[in-house]
Amino acid sequence: MRLGKKMGVVAAGAALALTLTACAGEGAGSDSGSEDNTEAAADGDLSVGVAMPTETSERWIADGDAVKSGLEEAGYSVDLQFAGDDIPTQTQQIDAMITGGADALIIAAIDGTALTSQLEAAAAADIPVISYDRLIRDSENVDFYVSFDNYKVGVAQATALLSGLGLTDEAGEPTGEEGPFNVELFAGSLDDNNAHFFWDGAMDTLKPFMDDGSLVVPSGQTDIDQAATLRWQQETAQKRMEDLLTSTYNDGTELHGVLSPYDGLSRGIITALQGVGMGPTMEDGLPVVTGQDAEIASVKLIQDDVQQSTIFKDTRKLADQAVVATESYLAGEEPEANDTETYDNGVKVVPSYLLEVDTVYADNITELLVDSGYWTQEEIDAGQAE
């Protein structure tokens, strides 16, 4: 176990309170002990570096703001940096956090394999490292991982696609429909460890239907290397979809659905589909398109019968769990993990805290997103966050 550098100045009573909080199994969103945690952080004058990958996705902006807010509420000073999806920028930002005296680091990596030297420097300075949502790979100096159950995210995306086609219900139970339905498959960026979990969960779910002929991939592109989208770029997904339509569907072959692992990709895919005259809505014949992250623009598309679904990962809970883990380390304790087997980063199995997800369809937007305060109905109607 590695401890924060300034633990000597944290009062023993406050550390004990933090220990009890961390061991109580309360997980994300727990408020218990927050007053003691805040006092300990303030007394110790502790600082946390938070490295986020980009500000081009509203999801990462929300994550960064939520983590910063939670840490500051707990009494820590926070250095929040966004790297513009540029690996050298992120490595420089983390280097600066370490040399600037950060007591803990929370890192959502652009490339999970590119931070080895930074993590070695953090270990040498006894700075605990929490990998945030994207697992940092190929280093023993990753102390903890907070994320969602990413394999289940893939299962949920595939189940949404199957239910949209009518092969299963929303619970994944077969309906007796036989198809065949033509689909195309998209994956995330190969340098993001999560993309592989999403893909594995989705393909394990889709494979029985592909094996029995209910699902067909006319392009033949069924390997993750073929389906991958570097840096999760919307424009890249749009271009690939346009190329697929030109190469595979120019003879009148009908496309019924697209597996998309992220809302930004989904919007690019939908733009390509509508660009060749499909739709403009699912009722008008637009293929079923899945998604992830409940981005406001895509939630509006779901409400408007354009995008079929998205996976809601409540990043407020993820940010809360990152704060809880940070508090534990800076109190000299190990954070609570609910998974100690799944996330092997190539060097070690990283203890993890995994959160559950929900699938958003048009008929449960209010329940999942509005009633929970994630988006307002006015924001959804506008397709833009206030």
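**Close-up 1. Thr315 in helix H12 of the predicted model.** Thr315 lies within helix H12, a segment that covers residues 315–330. The relative accessibility of Thr315 is 3%, and this residue therefore counts as buried, the cut-off for that class being under 20%. When neighbours within four places in sequence are set aside, the contacts of Thr315 are Arg59, Ala62, Asp63, Tyr132, Phe148 and Tyr374.

**Close-up 2. The crossing of helices H3 and H12.** Helix H3 comprises residues 58–73, and its axis comes within 9 Å of that of H12. The two axes cross at roughly 40 degrees, and the helices are therefore oblique to each other. The crossing is right-handed. On the H3 side, the contact is made by Arg59, Ala62, Asp63, Ala66, Val67, Gly70 and Leu71. H12 contributes Thr315, Leu318, Ala319, Val323 and Thr326. By class, the residues of this contact comprise seven nonpolar, three polar and two charged. Arg59, Ala62 and Asp63 of H3, which take part here, are also among the residues in contact with Thr315.

**Close-up 3. The largest nonpolar core.** This core contains 54 residues. Those with the most contacts inside the core are Val50, Met52, Leu71, Ile106, Tyr132, Met241 and Leu273. Helix H12 gives the most to the core, supplying seven residues.

**Close-up 4. The surroundings of Met52.** Met52 is one of the residues with the most contacts inside the largest nonpolar core. Apart from neighbours within four places in sequence, Met52 is in contact with Trp60, Asp63, Gly64 and Val67, among others. Further contacts of Met52 include Leu80, Gln81, Phe82, Ala83 and Gln90, as well as Ala108 and Tyr132. Asp63 and Val67 also belong to the contact of H3 with H12, and Tyr132 is likewise in contact with Thr315.

**Close-up 5. The pairing of helices H4 and H5.** Helix H4 spans residues 87–99 and helix H5 residues 116–124. Their axes come within 10 Å and cross at roughly 10 degrees. The two helices are therefore roughly parallel to each other, as angles under 35 degrees are classed in this way. Thr91, Ile94, Asp95 and Ile98 of H4 make the contact with Gln118, Ala121 and Ala122 of H5. The residues of this contact divide into four nonpolar, two polar and one charged.

Definitions and conventions: Residues numbered from 1 in each chain as written. Predicted model: local features only at pLDDT ≥ 70, side-chain atom pairs only at ≥ 80, totals over all residues. Heavy atoms only, no water. Core = buried A, V, L, I, M, F, W, Y, C linked by side-chain atoms within 4.5 Å. Buried < 20%, exposed > 50% of the residue type's maximum accessible area, 1.4 Å probe, protein only. Helix = DSSP H or I, 4+ residues; strand = E, 2+ residues; numbered from the N terminus. Contact = heavy atoms within 4.5 Å. Axes fitted to C-alpha atoms, helices over the stretch in contact; angles between N-to-C directions. Parallel < 35°, antiparallel > 145°, perpendicular 65-115°, else oblique. Left-handed = near helix turned anticlockwise from the far one by under 90°. Nonpolar A, V, L, I, M, F, W, Y, C, P; charged D, E, K, R; others polar.
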